[in-house]
Amino acid sequence: MKKLPDARGHFGPYGGRYVPETLVKACEELTAAYRVIQNDKKFREELRYYLETYAGRPTPLYEAKNLSGHLGRGRIFLKREDLLHTGAHKINNTLAQGLLARRLGKTRIVAETGAGQHGVASATAACVFGLQCVVYMGTVDMKRQALNVYKMKLLGAEVRPVHSGSRTLKDATNEAIRDWVTNVEDTHYLLGSVVGPHPYPSMVRDFQSVIGKEARAQILKIAKKLPEYLIACVGGGSNAMGLFYNFLKDRQVRMFGIEAAGEGVNTARHAATLMKGSPGILHGMKSYLLQDKEGQVRLAHSISAGLDYPSVGPEHSYLKDSGRVSYHAVTDSDALKGFEMLTQLEGIMPALESAHAVGYLPKLMPKTRKSDIVILCLSGRGDKDMNTVQRHL
Amino acid sequence: MKNYLTVKIREVRKKKQKLFCVFLTLGYPSIAATERLILSAERSGVDILELGFPFSDPLADGPTIQYSSEQALKKHVTIREGFRLVQKLRAKGCRIPIVFFGYLNPIYAYGEKEFARDARSAGMEGLIIPDLPPEEETAFQKECRKRKLHIVRLVAPTTANQRARMLVGKSQGFVYDVSLRGVTGARKSLPEDLKAHLSKLKRMTSKPVLAGFGISTPKQARDISRVSDGVIVGSAVIERLKRGVPAAERFIGAMSRAVHGA
């Protein structure tokens, strides 16, 4: 398999760097700095130190026997990213980019957030590395993830409400980019997913690939074989890329990316970009996009703020077209069922994002054999979603 | 078909005058208002009209142009309507060079090849696409060249010298110097390094270098035009337009006099 992306950040026809000229220099600098630290032992050591002693890596690979027993056929393992400091996989990326920002001599970071997990993880990294932090968040999301807003403020970050457009993640991203354009000399844009202009999609993927690297070693130790299935939720797609990346060459490992179907993929209210979108350009990248026939971006909808995004990482678009990963969608109500099921059977409350992956298991498990192994990336914990869950269950 | 932009630039250069470019959002507050404004702009001596096509996510734009775009999109303005308007204006004898300003996605959705063909045959002279660097969509850019639809390049204060030379080399018609680090929108003051940056670009090229982003008063326009080959004014016009078409027309007239008297 070809190594992707190419030098300009293209994954086949996707990716690239569609940014205003003001940001070209910052993207180029970041690409160069990232290339340097990839081979920098000291940086890798430092990152490993923070991931292990601060964030809580490696995360366990837990065999969910009750869940497997309940659903039948293969064995289900959960990669417990929900146990990380700040409650989700997002911290893998923010610690790495925080270190990188410091190395670039930036004193300030800006971030966008939907569910608030990336915002909290960014505020945390800013706190530990002594950087100033501004987080942009849509007002709809500030309401449904109020607890995370409060956490960010406690951590010393400034949360700036975004009132434009859908007032969710898409618009928070627009505002973060506008801030970056304005303050590009001293500010690093700490993008939270495998989206945006080159080098973000591949850089964030690499920072998150620790998930799959660990899972691979863990399952080989436990079961002496590779898993038959990987499954993860996809909004921008960072936890999924993180899990999938180190297995892409293993053709026997089948991969499932689960998007948010909202009220149904055949309604107007969903966030199933790969299933229902078409290629387009937003936020500096070419990728699948929810848009109308005039090329205006459509509003996404999902019960989970973290999946409520009308585009997706360009590498996912590539993996969809190539058929390497198969993408499906789970509705709000099936995600809630997944949440309930995991809570009641395993005593684990997943984030509503991760609950989408759990919600797909009743469809997937009947297709598996008893000896099959399924690894699910439990990307975050559900504490932040208690209000939403309370309202719906 | 004659490219009015090339003609206009030659004309103005001969007279040793400066270029005044006005930005309007297509369909704000209505298509009819845009039409009236373009015609009156031509009469008040505006040299180039930058016709902004609204996009749902205009990430290089500040609150003013975001607002006008949102309003226009509420009325479901389409690219086709933009083409129809330009066609109509040309049929009426309007000869002001019109440069399409828009984000890439609506163009991509229209079909890049079809867009280049239809924009030119409707009577547009050029394109400004803030999220399209020369490195991407090279087939589309080739198509524009073939159709003689000029692609105007933006150069930013952060652009390194070597890249700036590449950009001014590729730019057709004129060079758009982004005067500040940030999004579009009126500013009380402009950065101190602007004039130095303009002079640097002017040393790199014989093409006209126009400054845009943040220019909002006749005084600023006059001041900057002493160094640049002209200015581009957008948000400040849209701000007046919020108060009505006549207010915008008065402002455009005052700015035009300021630039041309410079």
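1. B:Ile96 is buried in this predicted model. Its C-beta has 21 others within 10 Å, and the cut-off for a buried residue is 20 or more. The residue sits in a loop of chain B, between helix H4 (79-91) and strand E3 (98-101).

2. With neighbours within four places in sequence left aside, the contacts of B:Ile96 are B:Ile38, B:Ala41, B:Glu42, B:Val46 and B:Leu49. B:Pro157 lies 61 residues from B:Ile96 in sequence, and the C-alpha to C-alpha distance between the two is 29 Å.

3. Turning to chain A, helix H4 (residues 90-103) packs on helix H5 (residues 117-129) at an angle of about 40°, with 9 Å between the axes. An angle of 65 to 115 degrees would count as roughly perpendicular and one under 35 as roughly parallel; H4(A) and H5(A) are therefore oblique to each other. The crossing of H4(A) past H5(A) is right-handed.

4. On the H4(A) side, that contact is made by A:Lys90, A:Ile91, A:Thr94, A:Leu95, A:Gly98, A:Leu99 and A:Arg102. H5(A) contributes A:Gln117, A:His118, A:Ala121, A:Ser122, A:Thr124, A:Ala125, A:Ala126 and A:Phe129. By class, the residues of this contact are seven nonpolar, six polar and two charged.

5. H5(A) itself has 13 residues and spans 18 Å from its first C-alpha to its last, close to the 18 Å expected at 1.5 Å a residue. After the helix comes A:Gly130, which has a positive phi, near 65°.

6. Is H5(A) mostly covered or mostly open? It is mostly covered, with 10 of its 13 residues buried. The buried residues are A:Gln117, A:His118, A:Gly119, A:Val120, A:Ala121, A:Ser122, A:Ala123, A:Thr124, A:Ala125 and A:Ala126. Besides H4, their packing partners in chain A are strand E5 (108-113), strand E6 (132-138) and helix H7 (146-154).

7. Between the chains, the contact takes 28 residues from chain A and 30 residues from chain B. On the chain A side, the elements giving two or more residues are helix H1 (21-38), helix H8 (169-182) and strand E11 (278-282). H8(A) supplies the largest share, six residues. The chain A side divides into 10 nonpolar, 10 polar and eight charged residues.

Conventions. Residues numbered from 1 in each chain as written. Chains lettered and ligands numbered in written order. Predicted model: local features only at pLDDT ≥ 70, side-chain atom pairs only at ≥ 80, totals over all residues. Axes fitted to C-alpha atoms, helices over the stretch in contact; angles between N-to-C directions. Helix = DSSP H or I, 4+ residues; strand = E, 2+ residues; numbered from the N terminus. Parallel < 35°, antiparallel > 145°, perpendicular 65-115°, else oblique. Left-handed = near helix turned anticlockwise from the far one by under 90°. Contact = placed C-beta atoms within 7 Å. Nonpolar A, V, L, I, M, F, W, Y, C, P; charged D, E, K, R; others polar. Expected span 1.5 Å × (residues − 1). Buried ≥ 20, exposed ≤ 12 C-beta atoms within 10 Å, placed from the backbone.
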